[in-house]
Amino acid sequence: MARAIELAKKGHFTTSPNPRVGCVLVSYQDGVGRIIGEGYHQKAGEGHAEVNALADAKLNNTELIKGATAYVTLEPCSHFGRTPPCSKALIDAKVSHVIAAMVDPNPQVSGNGLAMLEQAGISTQSGLLEAQAKDLNVGFIHKMLHNLPYVRCKLAASLDGKTAMASGESKWITSSDARQDVQGLRAQSCAIITGADSVIFDNAKMNVRWSELGDLQADYPEETLRQPLRVVIDSQNRLTPDLDLFEYESPVLIITGDKVENSSQWPHFVKHVQLPLVSSNVEDNTTVEGIANNQVASGDVKSYIDLKALLSYLSSLGLNDVLIESGANLSGAFIEQDLVNELILYQAPKLMGGDGKNLVEMPVIKKLNQAKELTISDIRMVGRDIRITSQLTDNQ
């Protein structure tokens, strides 16, 4: 099973929106196990792990497949999707035993794949290295259980928690190693969310740059990597087609609060979606309603894009993992509304002083027991910077 998990990891940047799955076929002769086939799911629409493992085994020794044991990181599927069900493929191959690391959280499958195998006389087990298997597909599992994508928020700051100088200058707080690491985060994400201010001020492209992926280049040729959907919240319709964001031809989703006029002027890969606005007349210094890049003001009432509605929409598109790369206001809004599951902070060995911009902007917290609790899961050096990965305790 450990080998199957290693195989599944090879699909880390390519399988979305499907889960990452690995499979190992073992033939036991005289009490000795021998691997006769291996496979993993490489890309949505292509063969699943079990099918690829069976194909590999047929190249080695077809006769050994009958009576073999299949170790698979996720319960074999039992329904017809873009490919036939893997449970049927295992039944047709006449394996005798199937061990799944975890039951599939997909309601279409959950338990059905194992039941289908048992009805065909194949013995089954589940739960072997389950925790490691779940780590492979955090986003897929979260979306199946909550109908929302798993949300990571990337932050970068100095040691004293500043993200930019008072003038707005921020290039570059962190090192090139940290920026290269972020390219890996983008590559594993189904979508990147940012705000109009970030795009306009930085003229950012928000795409995965293969040339900056470092060691990953050897394992993932440029043509195999898919670009994440670039999502920009632009409730005031301030984006223009001449920005660098639109120079790179990959899908862009612009979220607006009003209907967009003259949509024909935009590149063919750009789609505008109007989502509901949420309003409040509470003072800006106690709420997140004063978000500069995500609001429409009308008198004392502040209106902003419904962020949960946005995540629900992205879930409906089949997106599992979402990365937020934005300014302090929009990041703070997602955090304040308990919509972020994981924070990834790159902290540079710099002190930028009291006039610098804060890491996140959130409502004023007057009591310590109102603070957002985090659980740190990983701390490591990336170049000369510290990368801290933590989960928001209430959103795990």
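Leaving aside its neighbours within four places in sequence, which residues is serine 78 in contact with? Let's work towards that by way of the whole protein, keeping in mind that this is a predicted model.

The protein has 396 residues, and 50% of them are buried. Its secondary structure comprises 11 helices and 19 strands. If you take the contacts between residues at least 6 apart in sequence, 70% of them join residues at least 24 apart.

Now let's look at a pair of helices. Helix 2 spans residues 49-61 and helix 3 spans residues 86-93; their axes lie 8 Å apart and the angle between them is about 25 degrees. Because angles under 35 degrees count as roughly parallel, helix 2 is roughly parallel to helix 3. The crossing of helix 2 past helix 3 is left-handed. Helix 2 brings Glu50, Val51 and Leu54 to the contact, while helix 3 brings Cys86, Ala89, Leu90 and Ala93.

Serine 78 sits in the loop that runs between strand 3 (69-72) and helix 3. With a relative accessible area of 19%, serine 78 is buried, because the cut-off for that label is under 20%. As for its partners, once the neighbours within four places in sequence are left aside, serine 78 is in contact with Pro85, Ser87, Gln108, Val109, Asn112, Gly113 and Met116.

Terms used. Residues are numbered from 1 along each chain as its sequence is written. This is a predicted model: local features need pLDDT of at least 70, side-chain atom pairs count only at pLDDT 80 or more; totals for chains, interfaces and linings use all residues. Side-chain values use heavy atoms; hydrogens and water are left out. Axes are lines fitted to C-alpha atoms, for helices over the stretch in contact, and angles run from 0 to 180 degrees between N-to-C directions. Helices (H or I, at least four residues) and strands (E, at least two) are DSSP runs, numbered from the N terminus. Angles under 35 degrees count as roughly parallel, over 145 as roughly antiparallel, 65 to 115 as roughly perpendicular and the rest as oblique. A crossing is left-handed if the near helix is turned anticlockwise from the far one by less than a right angle, and right-handed if clockwise. Contact means heavy atoms within 4.5 Å. Buried means under 20% relative accessible area, exposed over 50%, partly exposed in between (1.4 Å probe, protein chains only).
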